[in-house]
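Me: Could you take a close look at one spot in this model for me? I'd like to know what sits around it and how it is placed.

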Amino acid sequence: MHGPPEVPNDFWDHPAIAAACADRDMGALISAYRHHPQHLSRVTQDRMAAWLGISQAQLSRYESGENQIDRLDRLRHFALVLGVPGERLWFDRVVIPAQVGPTENGPPDVLAAPWEATSIARSVEETARSDLAISRRAALTGAAAVTVGSALVEPLQRWLHPLQNLSKWSSHSAISEEELFALQRVADGLRGWGGRGGYGLARKAVLGQLDELAERLGRAPSGPTTERAFFIGAELSKVAASMSFDAGLHNAAQRYYVLAIRMAKAGHNDGFAALCLAAMARQMFDLGRPEDGLELVQLGQYGTRRTGTPTLKALLLTREAWAYAQMGKTREFHQAVGMAQDSFAQRDADVEPRYLHSFDEAELEGVIGARCRDLAMHDPAQAVFAEQHIRRALELRDPSKVRNRAFDVIGLARTKMVAGDPEAACGLINEVLPTAAKLSSGRVLRKLEDFAKEAARHRHIPAVQDTRDAIRAIRTA
């Protein structure tokens, strides 16, 4: 009467509970808990609601899938009340919003290191070597926490200030033009791998090259070729961050995004640093931290307010709109989107930096469409705009951009689900599943998982349940 009973360890092995955990669906988990055959007496919704401190009507909406449980504090509270074992908690294994210092044998604290060229090179070298020395399993289990809030944003504000003056630097030989050319060729090749997602040899190759480059930078004197080498290092670090993000290694991704910003600063490339801040903001949005993401975007906007190109300004404005969409701020969202479109219309692709070439019209339309879909979660009237932009993105998207097209189709399917057309949504997902199965992309799988969660309230429809089962099969393959 006063709370959930003690249950044996095998209680959590029941297929319904295992399926709910696999679907990352707390509502389904609560329902499976209530109907578990090991209970001595029936657990009614009224009793469960009393245990959880919510109303019976609210619990009913959670269990039916009508309302999703996506707030981290609520997920944790429900798991604590029910005594869900730690190994079943999908959300805390993805992100723990706390400030965690470096462990004894872990990577260095990249946020606390001095903003000075030799210290930046040393941080990159130590971090890359640390990550190369640990296995993926150790990375997933031991580095689940990311830094958020003021502990993240305030150290990055140092990016706005000049680097510390160098009283002394190495007397070793400067990096030659030939070395720089070879480094750029290697970085260009590794960047091509970064767009495919996945984990393993590709990421190790990037980290190995980053380690060697950082060691060379630590011995190089000040000069133009050294600055350009720092920028190449920033590009490699961003690739490492993207690969880590795709693999679900959020802590590692955050480290390499920070290192990319620091190396871009040493390479005197504020535009690329702002691009990395935008990528960090996207990570915060993915983890349900729109306020942190917005602060990172605004930091990038302020730092490039005088030097940013039209494409960079448009990209940053779409990230600003992303935050407003998650917050449900319709007016602010459309204002930011309009400004992004105006800025993009002023671009001259021939003079934009190479690292912004991927942000073309298709990407602009795709991002706006996906964010309209996010906003439709708060305001269903936005779903029609989401579909218009995503379909336009698919028309413009280069067929070789397989992963981006997969994101577009999944986004369109989720829009159809919001608009109340689950059969059409499942038809789109079934079209993209063969492609998703071939892609070694954690982000694509996570987008499919999001669709499966959003479709849960229509699980009584055979087509929906078949599609959810197909997604589960791909994820566990």
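Reply: E125 touches D211, A214 and E215, leaving out residues up to four places away in sequence; contact here means heavy atoms within 4.5 Å. This is a predicted model, where local features need pLDDT of at least 70, side-chain atom pairs count only at pLDDT 80 or more, and totals for chains, interfaces and linings use all residues. Numbering runs from 1 along each chain as its sequence is written, and side-chain values use heavy atoms, with hydrogens and water left out.

Back to the spot itself: E125 lies in helix α6, residues 117-132. Helices are DSSP runs of H or I with at least four residues, numbered from the N terminus. E125 counts as buried because its relative accessibility is 19%, and buried means under 20% relative accessible area, with a 1.4 Å probe and protein chains only.

The side chain of E125 also makes a polar contact with the side chain of R129, at 2.9 Å. For that term, you need a pair of N or O atoms within 3.5 Å; within protein, one must be able to donate a hydrogen and the other to accept it, and residues adjacent in sequence count only if both atoms are side-chain atoms.

L428 counts as buried because its relative accessibility is 14%. Setting aside neighbours within four places in sequence, L428 is in contact with V409, L412, A413 and K416.

Terms used. Helix = DSSP H or I, 4+ residues; strand = E, 2+ residues; numbered from the N terminus. Buried < 20%, exposed > 50% of the residue type's maximum accessible area, 1.4 Å probe, protein only.
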